[in-house]
Amino acid sequence: MSLQVFAQSLIFGIFVGGLYGLAAVGLSLVFGVMKMLNVAHGELLMLGGYVTFWFFSLYHIDPFLSLLPSAFVLFLIGMGLYKGLFSPLAKLHEEVKIKNSLLIGFGLSLVFHNLAIRLWTADERSVTVFYSGWGFSLFGLRFPIIRLAGLVLATIVILALQQFLTKTYFGKAIRATTENWESAALMGINIEKTSMISFALGATLAAMAGTIVSVGYAIHPAMGLEWTLKALIVVVLAGLGNIGGAFVAGVLLGAVESVSTLFVGPYMEVVGLVIFLLVLELRPQGLFGKRIGEGG
Amino acid sequence: MLEIDRINVSYGDLQALWDISFKAEEKEIVALIGPNGAGKTTTLKTITGLLRSFAGEIRFEGQAMEKVPIHKRVEMGISLVPEGRGLFPGMSVLENLELGAFTAKGRSCKEETLEQVYELFPILKNRKKQAAGTLSGGEQQMLAIGRGLMSKPKLLLFDEPSWGLSPLLSKVIYEVINQINHSGVTILLIEQNVRIALELANRAYVVENGRIVKQGDSRNMLNDQHIREAYLGTESV
């Protein structure tokens with residue numbers, strides 16, 4: 001195998017890895033605040049992709065322009081889902097809560113999966129714009145413009161999210177709730193509202209990833225589980241609640257998967273899962289996770 | 001200022017508080033003493049709204065608190081320095097303090113209160129960029145108290161403020177509590193060190209098995225035979 005083939009796989013892996021990171025950040029945010037695992041996260045990503053697809057095929061709106069409107073639609077859907085389904089769980093005991101959230105998540109993913117088949121058929125769809133084929137070559141390596149733009153966009157969104165979480169009062173409230181919700185409530189933070197916004201933000205981030213997938217790759221009704229899994233692997237790799245780490249871990253997973261196709265072909269999915277198990281076994285706090293006790 | 005009227009609280013089937021009644025007048029220091037598991041922490045958590053009573057009433061400045069959610073109670077002026085400090089360990093000292101001023105009231109005079117807290121605990125200013133989890137036990141307690149003050153409370157609840165501290169540091173903390181009280185804040189205190197608690201407080205209530213079994217002036221309590229034998233470890237003279 002030539003070095004060039006290796007480098008090209010690596011680059012494509014990094015492109016898709018940025019999206020893994022973006023998907024993971026949303027999942028991590030929701031889990032951190034609510035201590036609920038939303039296994040329908042991948043379906044929200046899929047919905048985001050289809051909303052963008054609709055904006056494009058019905059109204060001819062460029063996917064990079066409809067990124068924000070699609071994200072907003074998913075923000076509203078996220079708020080609705082939280083209010084209607086997840087909020088009643090919030091008061092339950094931790095263990096019962098996580099089990100119930102899993103049931104609701106699996107139910108939702110089935111519903112969305114079938115809804116998508118009904119609305120858009122089981123075919124693969126993709127948004128093809130006039131600049132879809134554009135790209136450039138550097139040192140004999142190919143850089144498709146859309147995938148590159150996707151990576152840049154994912155980076156910008158994650159940096160913006162990090163600023164929001166560290167610089168604004170509401171962002172700090174989200175982090176405080178993640179660390180210790182009882183104390184957060186004692187500060188005067190409205191936990192219910194914080195959870196709702198966090199859930200909606202998680203859906204928004206999924207929608208943004210979905211939009212980029214719909215234009216740089218392809219979307220189909222069954223893609224949800226696959227993306228939930230990727231996001232979950234990345235979250236475990238990075239350590240819970242680590243936003244910057246999730247992005248890096250996403251890129252890492254994308255790169256490793258992509259390069260491993262050269263060696264193990266279609267079994268590249270397994271590589272990600274093996275890494276997942278190894279990290280759980282050897283470094284359960286995640287690759288970049290810190291262990292900070294309360295001391296004393 | 002604070003009236004607790006026969007509240008009953010349970011964890012599932014297990015009842016923890018039975019008809020607990022007591023009150024704290026403005027600018028008083030009131031202590032709740034009693035053995036571990038007697039229901040003292042449960043009482044404080046019920047006052048803040050973290051737990052709900054199934055019977056009885058809590059009134060703060062004359063207003064019934066039954067339907068007031070936790071975050072609104074902070075806004076009204078109730079603040080808790082929780083057991084084990086309950087800091088946000090991964091966030092900086094300054095962020096912890098800022099979160100203390102999360103309410104509209106706290107935010108409106110944040111800078112001013114921050115200066116007061118730094119004056120009370122200068123070490124926090126030096127450490128403001130450091131993650132709260134990396135502080136020593138004493139510094140963490142100072143941060144927890146400082147954070148509790150940031151919401152400009154009228155009533156400050158302390159759950160074991162000397163927990164895990166050396167006698168010397170405990171003394172420092174108690175001087176600060178006294179100082180806070182002198183600035184006009186009503187204090188309700190749980191403390192394992194019964195002698196310190198009784199020396200500091202105006203009045204005290206003894207909680208045993210989820211019930212108030214004794215109450216009175218703390219000076220009289222210091223001489224009470226039951227208290228001396230059960231909590232102070234000295235025979236009455």
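**Close-up views of a predicted two-chain model**

View 1. B:R59 stands opposite B:A64, a residue of strand 5 of chain B. The model shown in this and the following views is predicted. A further pair in this region is formed by B:F60, which faces B:Q63 of strand 5 of chain B. Strand 4 (residues 55-60) and strand 5 of chain B are paired in the antiparallel sense, over two bridges. Two residues lie between the strands of this hairpin, where B:E61 adopts a positive phi near 50 degrees.

**View 2. The open sheet of chain B and the helix packed on it.** Four strands of chain B form an open sheet in the order 2-1-4-5, with antiparallel pairing. Its edge strands, each pairing on one side only, are strand 2 (14-24) and strand 5 (63-64) of chain B. Helix 1 (residues 40-48) of chain B packs on the sheet and touches strand 1 (2-11), strand 2 and strand 4 of chain B. The direction of helix 1 of chain B makes about 70 degrees with that of strand 2 of chain B. Within the sheet, strand 1 and strand 4 of chain B run antiparallel and are joined by five bridges. B:I4 has B:I58, in strand 4 of chain B, as its bridge partner. In general, the strands of a sheet pair through backbone hydrogen bonds, either parallel or antiparallel.

**View 3. Two packed helices of chain A.** Helix 2 (residues 41-59) and helix 4 (residues 94-120) of chain A pack at an angle of about 20 degrees, and their axes are 10 Å apart. Angles under 35 degrees count as roughly parallel, and helix 2 and helix 4 of chain A are therefore described as roughly parallel to each other. Their crossing is left-handed. Helix 2 of chain A contributes A:E43, A:M46, A:L47 and A:Y50 to the contact. From helix 4 of chain A come A:L108, A:S109, A:F112, A:H113, A:A116 and A:W120. By class, seven residues of this contact are nonpolar, two are polar and one is charged.

**View 4. Residues with positive phi in two loops.** Most residues other than glycine have a negative phi. A:T121, which is not a glycine, has a positive phi near 60 degrees. A:T121 is situated in the loop between helix 4 and strand 1 of chain A. A:T121 counts as exposed because it has 11 C-beta neighbours inside 10 Å. In chain B, B:N209 is likewise not a glycine and has a positive phi of about 50 degrees. B:N209 belongs to the loop between strand 9 (203-208) and strand 10 (211-217) of chain B. With 13 other C-beta atoms within 10 Å, B:N209 is partly exposed.

**View 5. An exposed strand residue of chain A.** A:S137 is part of strand 1 (residues 135-138) of chain A. This residue has 8 C-beta neighbours inside 10 Å and so counts as exposed. A:S137 and A:E281 are 144 residues apart along the chain, and 41 Å separates their C-alpha atoms.

**View 6. The interface between chain A and chain B.** In this interface, 20 residues of chain A are in contact with 30 residues of chain B. On the side of chain A that touches chain B, the elements giving two or more residues are helix 6 (169-179) and helix 7 (181-186) of chain A. Helix 6 of chain A provides the largest share of that side, six residues. The residues on this side of chain A comprise eight nonpolar, seven polar and five charged.

How values were computed. Residues are numbered from 1 along each chain as its sequence is written. Chains are lettered from A and ligands numbered from 1 in the order in which they are written. This is a predicted model: local features need pLDDT of at least 70, side-chain atom pairs count only at pLDDT 80 or more; totals for chains, interfaces and linings use all residues. Two residues are in contact if their C-beta atoms, placed from the backbone, lie within 7 Å. Ala, Val, Leu, Ile, Met, Phe, Trp, Tyr, Cys and Pro count as nonpolar, Asp, Glu, Lys and Arg as charged, and the others, Gly among them, as polar. A residue is buried if 20 or more other C-beta atoms lie within 10 Å of its own, exposed if 12 or fewer, and partly exposed in between; C-beta atoms are placed from the backbone. Two strands pair if DSSP finds at least two bridges between them. Axes are lines fitted to C-alpha atoms, for helices over the stretch in contact, and angles run from 0 to 180 degrees between N-to-C directions. Angles under 35 degrees count as roughly parallel, over 145 as roughly antiparallel, 65 to 115 as roughly perpendicular and the rest as oblique. A crossing is left-handed if the near helix is turned anticlockwise from the far one by less than a right angle, and right-handed if clockwise.
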